[in-house]
Amino acid sequence: MAQCVVVHIGLMKSGTTFIQGRLSANRARLAAQGVLFPGPGWRRHVNAVQDLMGHPGHTPGSWDSLTEEINAYEGTGVISMEYLVMAGQRGIGILADSFGDAELRIVVGARDLGRTVPAMWQEAVKNRSIRTFGEYVDGIRDGADNGRRFWRQQHAGRIVSRWAGRLGSERVYVVTLPPPGARGELLWERFCEAAGIREESSWDDAPRINESLGVASALVMRRLNEMTGDLTVKDYKRRVKAVGKHLLPAHRPQEEAIGFTVPDWLREEAVLIRSQISDSGVHVVGDLDDLTPFDVPGGDPDSVSAEAQLDAALTALEGTLRQATRIRAD
């Protein structure tokens, strides 16, 4: 059976895509260390966690399939899926019971709220939200639907306390996302420390996916969401979401990032989160000072010029036309 099981539960926008890509790209190197990252693709982790949590449309047996492979492995198994941050006591209990007497490490990535808020708004827009940035921030402050969802996914203090309370603080590791300007490998090194993965002289990089959008492109996506509300979920993903994922990122060098001035109420919540993590007694890999929010330079999403949005829209239109195969001139 597995000697150790590392479960990386997010948080969203805390470098999870980078870590998952690095794990996927280095399966052979990890296996040489006695570390299993089950494949063949990351989608298997998604399916397994959806099954564990009983998401609509989940594939029954996916969780059992993943855990059976890990339990049969003589070494360390790694699971990475950020939906787990929303697991309740039942889901946490099932997860813990799935691995017998193996050492269990829960790894929680945490990021400062100054960068998290604009990143999460962008993610919402790329998934069909029509809220303006101002409406989104107000919802976080006032406890609107989007605000409650934001805190379920991003309140590191509550999430860490819930997992530590159920499993014990000695099993939980918080990995802080380094600030801008830090060495590019620092986040990976921190994750490896938490997961018990030995450092190597070099690691293979994964292709970059889920690229961030500039502020004008994010506004173009929000407007497209307003105009395509009649599309089915499937058609939206294939036609509209694909624009945000594959075409608009190309325009990012020509536009500003999403700027954000951190309000006092959010700074106060960040102090509370830091205190909750510190008081929980969990392992901290990195520095809790990394969670102090700072203002993010960039454009105000509520006052970007129409010209800037037009430039971004034309980039998306050009990319669409270059790939189109069904438009005819006659």
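Colleague: Where is the place of Ser 62?

Modeller: In this predicted model, Ser 62 belongs to helix α4.

Colleague: Is Ser 62 buried or exposed?

Modeller: Ser 62 has a relative accessible area of 14%. Buried means under 20%, so Ser 62 counts as buried.

Colleague: Which residues does Ser 62 touch, leaving out those up to four places away in sequence?

Modeller: Ser 62 touches Asn 47, Ala 48 and Asp 51.

Colleague: How do the axes of α3 and α4 cross?

Modeller: The axes of α3 (residues 43–53) and α4 (residues 62–71) cross at roughly 120° and come within 7 Å. That angle makes α3 oblique to α4. The crossing of α3 past α4 is left-handed.

Colleague: How many residues of that contact are nonpolar, polar or charged?

Modeller: The contact of α3 with α4 has five nonpolar, three polar and four charged residues.

Colleague: Turning to α3 itself, how many of its residues are buried?

Modeller: Eight of the 11 residues of α3 are buried, so the helix is largely enclosed by the rest of the structure. The buried residues include Arg 44, His 45 and Gln 50.

Colleague: What do the buried residues of α3 pack against?

Modeller: They pack against α4, β3 (76–80) and α5 (89–97).

Colleague: Which residue takes a positive phi just after α3?

Modeller: Gly 54 does, with a phi of about 70°.

How values were computed. Residues numbered from 1 in each chain as written. Predicted model: local features only at pLDDT ≥ 70, side-chain atom pairs only at ≥ 80, totals over all residues. Heavy atoms only, no water. Axes fitted to C-alpha atoms, helices over the stretch in contact; angles between N-to-C directions. Helix = DSSP H or I, 4+ residues; strand = E, 2+ residues; numbered from the N terminus. Parallel < 35°, antiparallel > 145°, perpendicular 65-115°, else oblique. Left-handed = near helix turned anticlockwise from the far one by under 90°. Nonpolar A, V, L, I, M, F, W, Y, C, P; charged D, E, K, R; others polar. Buried < 20%, exposed > 50% of the residue type's maximum accessible area, 1.4 Å probe, protein only. Contact = heavy atoms within 4.5 Å.
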